[in-house]
Amino acid sequence: MTLNPLPWSSYRLDGCTLTGALSVTTEVRDGVTILHGPAGCAQHNASLIHATLLDHDTPHLLRILSSDLDEPGVIFGGEGALAACIREASRGDPGVIFVLSTCVVQTIGDDVGGVCGRDWGIPVIPVPGAGFLGGGFQDGMRNALIALGEQARAGGFCSEGTNPDLGITLVGEKNLEADVDENYAEVSRLLALLGERPGLRFVRGMDWPSLGDLARGRLNILREPELRPVGEHLAERFGTPYLLSFPVGLSGSLRFLEEVAGILGTDPSDALEEERGRQEEALARFGDLRGGRIRLTPSPSGVPGPFAAELSASLGLLIADDGVPLPLPSPLPVGTAGLVRLLHRWRRALHA
Amino acid sequence: MKQIALYGKGGIGKSTTAANLSAALTEMGLSVLQIGCDPKRDSTRMLMHGSWIPTVLDQVREGREATITADQVVFRGFRGVRCVESGGPEPGVGCAGRGIIATFQLLERLASLTGDVIVYDVLGDVVCGGFAMPMREGYAREVYLVTSGELMSLYAANNICKAIARLAGRVRGRCRLAGVIGNAAGQAREEPLVRAFADRIHSRLITFIPRDPVVQRAEINRMTVIEYAPDSPQAAVYRGLAQSILENSDLVVPTPLSMDDLESLAMEFIPA
């Protein structure tokens, strides 16, 4: 459970496409990511991601290089600097090299795809983005996932994959989220109720050869609805059906079980019964909150919605303007376990 | 010190005009610096008797900007005119506009922007902020439009008026339009058309330079007209231009024309 006292700010959505793309590519642990542009872009983003991971007690070495574009590079073009950086990255014998473009190289018109397309002996993958010109964090994250998805194909760099026991792929976990591994554990628990387990984590702590597993999955579960374009892309390429989101809320968690079972063709009855029991037990543990007056602070992503209404009704909480202010985190907690973590925080606030 | 910039459509004769203007000014005993602001780097070639001088951005490309000295980028040509070429990237790569900015910063650092007159000869159109550099930051206060009577030449000149008007409106914007220099393309009723254009944008025609084969002969011989045929009528025109520019203090913020107005103007003078 996160100790972050400000759970609504435990995840980053800010930054440019570079930050979002890096949150994906740096989780390919045998890969190197090149930021093609001024060194400051790499410094800023590496520092931001490292600080976030450190804050979440999950630091790892970020394998990021900068092409270190300087004034002559801007004037005369930066393709030479990029090629030199790819050569330098290749010397470490990585499984894959990702190339992310900054605003300035898009502005001056470097042919990044052309440089990446040369025969480097290892895959060199350009990730669309172009810093702030290409959008924000979410755009960068989506672009990176789709760029990686493009590489998972028979006869490609990683045709076979590594995991013979495939089935369910988790797509687009929020690697800069404080609860990322707790959320993974909760999804794993729910899948276990159906006799299933997650296979590939696309992309978290992944190595390059395992990318081939992406092409052979039975089901993709997206972390959140904003990743629908990724789900569509993978469905189109590999015919893999997808769920739009990790489970959110009491009824949402039950619906998650039903939908997974529906796609996989299994009977969810036992799983639903067990999960209902777990939810009732959890709510009973917070019976001391019944009758409390609360005022929900809208999360940065929106106003309290069905999630808050369902939860407050289930606990017998009254939503009132003079109630104790309670935060709703963004993103909303995952599964029943996420709800329990949230209720612990609410209890501390209500009894303070 | 007088700092002037010559702008106009590519191929209209800016460099020929600039080089002859610089030659005429130096004949008058003035210290003149001509800066070619175009990756083609051919602005000063006639002043340098056909030599392609090393450019400022050549030094930057070689990574020598930290140790560069003025004598590596400033070269003396006809009668001591100091010549500089910014240079730029190969066509299709990099950012030539940024190159112009870097050139100015370097020349500033080298304290090379000195003399009685500085003539900036700038690439065809103000395609980006970099090529507007000579009008910005207090460099050239006086902008001259070089144009023929051809519609596309007038169109480019009109576009440059837009840039001048925009930059003049800035808090520190000091650049103004100083006038229009007509450079004949040889079409009928050309001088009246260019004069009318100058009037419509609330400026005036400074000089109309007629077509003369001596210009081409001088270039083949790698000289300005002033040097190649000093007693020719064409040389006298360039000297007159130099004198007019020295005496000119009529600086305005131009009023660019709409495309419709520009076409209507052209139709008044160009036979259908």
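Leaving aside its neighbours within four places in sequence, which residues is Tyr120(B) in contact with? Select Tyr120(B) and you will find that, beyond those neighbours, it is in contact with Ile4(B), Ala5(B), Leu6(B), Ile35(B), Cys37(B), Pro134(B), Tyr139(B) and Ala140(B), where contact means that the C-beta atoms of two residues, placed from the backbone, lie within 7 Å.

Before going further, note that this is a predicted model, in which local features need pLDDT of at least 70 and side-chain atom pairs count only at pLDDT 80 or more, while totals for chains, interfaces and linings use all residues. Residues are numbered from 1 along each chain as its sequence is written, and chains are lettered from A and ligands numbered from 1 in the order in which they are written.

Next, select Ile34(A), Val99(A) and Val143(B) together with Tyr120(B): these have the most contacts inside the largest nonpolar core, which has 158 residues. Such a core is a set of buried Ala, Val, Leu, Ile, Met, Phe, Trp, Tyr and Cys residues joined through C-beta atoms within 7 Å; a residue is buried if 20 or more other C-beta atoms lie within 10 Å of its own, exposed if 12 or fewer, and partly exposed in between, with C-beta atoms placed from the backbone. Helix H4 (residues 151-168) of chain B gives the most to this core, with eight residues; helices (H or I, at least four residues) and strands (E, at least two) are DSSP runs, numbered from the N terminus. Because domain 1 (7-151) and domain 2 (168-278) of chain A both give residues to this core, it lies between them, the bounds coming from an automatic or database domain assignment.

Now turn to where the chains meet: seven residues of chain A are in contact with eleven residues of chain B. On the side of chain A that touches chain B, helix H3 (residues 71-76) of chain A supplies the largest share, five residues.

For the next stop, select helix H8 (residues 180-193) of chain A, which has 14 residues. Its buried residues are Val180(A), Asn183(A), Glu186(A), Val187(A), Leu190(A) and Leu191(A). Seen down the axis of H8(A), they fall within an arc of 135°, so they line one face of the helix; the arc is that of the directions from the helix axis to the C-beta atoms. Among the elements that cover them are strand S5 (168-171) and helix H10 (250-264) of chain A.

Finally, select Asn221(B), in the loop between helix H6 (213-220) and helix H7 (225-228) of chain B. Asn221(B) is partly exposed, with 14 other C-beta atoms within 10 Å.

Technical notes
Expected span 1.5 Å × (residues − 1).
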